[in-house]
Amino acid sequence: MGHSTSLWNPMPELEIMTDCNGVEQVALRVPRGASARVSLLGGQVISWRNERGEELLFTSIKFGNCSALEQHGFARNKMWSIDYDPPPLPPNGSNGKVFVDLLLKPSEDDLKCWPHCYEFRLRVSLSMDGDLALISRIRNINGKPFSFSIVYHTYFSVSDISEVRIEGLETCDYLDNLCQRERYTEQGDAITFESEVDRIYLSTPNVVAVLDHEKKQTFVIRKGGLPDMVVWNPWEKKAKSMADLGDDEYKQMLCVAAAAIERPISLKPGEEWTGSLELTAVPSSYCSDHLDHLLGQHEDNMRGSASFLVFNNNEV
């Protein structure tokens, strides 16, 4: 997918590569075999594999068509840099993990579109057990306040969308994007999929689970500082109209994205916001014994991970 560059690398546990377009990528690997790959274009995690080499994130065969990126926010369409000397994180932020720190700052052209100065720092880490984690820090270095929304666009690879359910969002209110953002309350014991779904769940728990019955695998999502959660699958009709998705690929993907949307985050000059996401893939047999306990957790200090990351525009 890429080749090693001849660049000097001060962090030998990381492999710096370039893709076919010359964009740098960073590969993270742990001794047990799990790996992740991060593109500097957009600060996107474009691969997350378990110790058996199985891909856990969905990437379309048409990935690379960037025509619609701006509708998801501008950070995902910018070139990030590797930050070799980031400010320290709180204790236990990345202990025992392989990680890379990325940095995004606005260019002069960026400031013409969104006139606010900021530092967006992103740490992507992989634990020895293969858990993927992201920690975002956004600092206002502007002379005036600004507000933004953020979404971790996480696309899971699933066996068959009709065999998948989400647990942990029952009784939550949501905005239905298919009904002009009308507000409803989730009534089911779990979210299942029989048609297009495009919802923003509000004030959600910090732990949510995605269960794939056919793969007998469960993704456990832990988040902090991100109260909302987007759930999306385009289903058959919309998938056929999308330039960046194959006609039948909707069957093998599910977007479950931690977010801050309903109430944008406001930062005064000098203030910093921190948000996190952590993804764990475990056998469903494990989760059957522990899921109720996991979904009962509501810690606000969790550190995290994800797959696709966005600054939205009137927002950041």
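Two residues are in contact here when heavy atoms of theirs lie within 4.5 Å, and this is the sense in which, in this predicted model, Ser159 touches Asp212, Glu214, Lys215, Lys251 and Gln252, once residues up to four places away in sequence are set aside.

The chain as a whole comes first. Its secondary structure amounts to three helices and 22 strands, and 55% of its 316 residues count as buried. Where contacts join residues at least 6 apart in sequence, 69% of them link residues at least 24 apart.

Ser159 sits in the loop that runs between strand E11 (155-157) and strand E12 (164-167). Among the residues that Ser159 touches is Asp212, and the side chains of Ser159 and Asp212 are also joined by a polar contact of 2.6 Å.

The relative accessibilities of the two residues are set out below.

| Residue | Relative accessibility | Class |
|---|---|---|
| Ser159 | 16% | buried |
| Met17 | 10% | buried |

Ser159 is classed as buried because its relative accessibility is 16%, with the class defined as under 20%; Met17, at 10%, is likewise counted as buried.

Terms used
Residues numbered from 1 in each chain as written. Predicted model: local features only at pLDDT ≥ 70, side-chain atom pairs only at ≥ 80, totals over all residues. Heavy atoms only, no water. Helix = DSSP H or I, 4+ residues; strand = E, 2+ residues; numbered from the N terminus. Buried < 20%, exposed > 50% of the residue type's maximum accessible area, 1.4 Å probe, protein only. Polar contact = N/O pair within 3.5 Å; in protein donor to acceptor, adjacent residues only side chain to side chain.
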